[in-house]
Amino acid sequence: MKSIVEIEEEIVEDFSLFDSWDEKYEYIIDMGKKLKPLEDEHKKEENKIKGCQSTVWMVSELKDGKIYYRAESDAVIVKGLVSLLIRVLSGHAPTEIINAKLDFIDKIGMKQHLAQTRSNGLLSMVKQMKLDATVYLAQQASKN
Amino acid sequence: MQATSLHTAFDVDQVRRHFPILKREVKGKPLVYFDNAATTQKPVEVIDALTGYYQYFNANIHRGIHSLAEEATAAYEATRDTVQQFINANQREEIIFTRGVTESINLVAYTWARTNLKAGDEILISGMEHHSNIVPWQLITEMTGAKLKVIPVDDNGELMMDEFHKLLNEKVKLVSVVHASNSLGTINPVKEIIDSAHKIGAIVMLDGAQSTVHLDIDVQELDCDFFAISSHKVYGPTGIGVLYGKRALLEAMPPFMGGGEMIKDVSFEKTTWNELPYKFEAGTPNIADTVALKAAIDFVQRIGKKQIRMHEDELLRYATEELQNIDGIRLIGTAKQKVSVASFVVEGVHPQDLGILLDNQGVAVRTGHHCTQPLMNRFGIPGTTRASFAMYNTKDEIDVMINALNKAINLLR
């Protein structure tokens with residue numbers, strides 16, 4: 001199993017092959033289209049991470065000490081970015097997720113999508129992923 | 001830049017030279033700024049007025065006896081005269097400076113409406129209002145027990161005037177409608193609304209956020225009771241706006257905020273209010289931006305509203321025509337009378353995705369619900385992509401947008 005940092009590096013390398021902005025976005029859009037849709041039963045209010053313009057739904061579960069995320073959005077670029085976040089964070093331990101710096105977003109030139117003004121739910125998505133990890137960590141601690 | 005006099009004929013290249021920001025690039029491409037309904041860019045005259053104020057005569061107004069205070073007061077009050085003339089108000093005391101349309105509407109809500117409305121009364125707004133012309137009234141209905149009623153919008157984005165006349169009854173005490181829609185561009189038949197409302201004794205407030213920059217505003221001819229203006233949508237600075245109100249109404253209204261400037265005499269037992277317009281301008285006002293607002297209005301008048309409108313109408317006509325050639329596009333807002341706003345959705349494409357891909361090509365448009373969620377619900381859409389045009393935009397820029405749109409749609413489909 002690769003570490004979060006290793007997966008981030010992999011993505012940065014993938015993106016370094018693109019010369020222009022449209023190639024990058026074509027790739028992200030493609031990732032978005034390929035993201036496995038979330039079942040309708042999960043697309044409910046409590047799983048909603050609402051941005052001003054687009055909506056993300058996310059669910060997570062803890063299995064054998066690792067967190068697995070699944071998510072979807074009504075906007076395809078956000079969906080592609082969400083797909084990247086899942087690729088990086090899903091399947092890792094809560095502590096590793098909480099400490100993840102997620103520098104790859106800046107390195108692949110997508111930092112603007114985390115900016116406050118974008119209000120697209122992606123920043124809230126990252127926060128929610130880490131919050132879930134914190135909750136699972138607290139649950140684990142209380143069991144021990 | 002020198003204050004060159006503009007030719008009598010409208011010359012967009014010459015106009016553009018007055019706006020320094022238009023020279024910049026975004027993502028390595030020349031900026032195409034089509035988000036003018038959100039805010040307009042500022043001519044160098046406005047920027048100079050703003051910095052000039054701080055460099056040469058910054059002082060607190062109305063109280064100081066020294067020269068700077070006199071100059072600052074004169075400049076501040078000169079803007080009031082300019083605004084009065086710009087919208088043809090009867091008296092300068094009817095021009096109240098606020099932070100913008102939102103504050104102007106809230107001022108009327110918290111003073112006139114809060115003291116004049118009671119349970120059973122009705123406030124009439126329309127289905128195409130900006131949240132700023134919905135929420136203040138909702139807050140007031142909670143306080144007074146008055147009801148909020150809504151004039152519906154048809155498929156073209158026009159007010160259903162038959163329904164308006166049906167809704168208008170003796171219970172209606174206030175009608176507050178947008179003069180021109182920010183989301184659709186629709187110019188509403190406000191004269192008909194005002195005349196009908198007055199017949200049953202209701203007063204009328206107009207949200208002029210979008211209309212002031214495009215249309216000739218004559219508040220006396222309109223006979224509206226209140227009119228709200230945002231400076232930053234008329235090429236002026238942000239943070240300053242205007243409430244026009246008929247003098248008799250303003251005189252009868254209680255103050256909005258208490259503080260300095262708005263008082264005549266203060267004692268712990270009783271305080272008396274200053275006269276108009278100062279009764280509604282508590283505290284040190286936004287002097288710098290008010291001073292610069294004059295420069296914006298002067299600039300617009302120097303170029304000529306009629307010339308600007310002809311140019312913008314042509315841009316809207318061209319953009320509408322070109323947009324309709326794009327496969328799967330649906331224009332939202334096809335009213336007969338429109339200001340230069342082209343709002344649309346593309347089948348199977350989220351507006352936010354379009355916005356991101358246009359931005360990467362240097363084109364700034366607005367995507368989303370435009371703070372008119374009830375209106376978006378009316379059309380069954382989460383939002384639109386909106387291109388809104390100003391005096392400095394060109395047909396070449398529309399071509400850039402159309403190409404950028406085609407490229408974006410190809411990437412997304």
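Modeller: Before we start, buried means under 20% relative accessible area, exposed over 50%, and partly exposed in between, with a 1.4 Å probe and protein chains only. This is a predicted model, where local features need pLDDT of at least 70, side-chain atom pairs count only at pLDDT 80 or more, and totals for chains, interfaces and linings use all residues. Residues are numbered from 1 along each chain as its sequence is written, chains are lettered from A in the order in which they are written, and side-chain values use heavy atoms, leaving out hydrogens and water.

Biologist: Okay, is B:C224 buried or exposed?

Modeller: B:C224 counts as buried because its relative accessibility is 0%.

Biologist: And what does B:C371 count as?

Modeller: Partly exposed, because B:C371 sits at 25% relative accessibility.

Biologist: How many disulfides over all chains?

Modeller: Zero, from a search of the whole structure, taking a disulfide as a pair of cysteine sulfur atoms within 2.5 Å.

Biologist: Switching to the interface, how much area do chain A and chain B bury between them?

Modeller: About 1,500 Å², with 55% of it on carbon and sulfur atoms. Buried area here is the accessible area (1.4 Å probe) that two parts lose on being put together, summed over both.

Biologist: Which residues in chain A lose the most area to chain B?

Modeller: A:W21, A:Q53 and A:I77, together 39% of what that side buries.

Biologist: How many salt bridges are there between chain A and chain B?

Modeller: The count is one, where a salt bridge is a side-chain nitrogen of Lys or Arg within 4 Å of a carboxyl oxygen of Asp or Glu.

Biologist: Which side chains meet in a salt bridge?

Modeller: Those of B:K407 and A:D22, at 2.9 Å, N to O.
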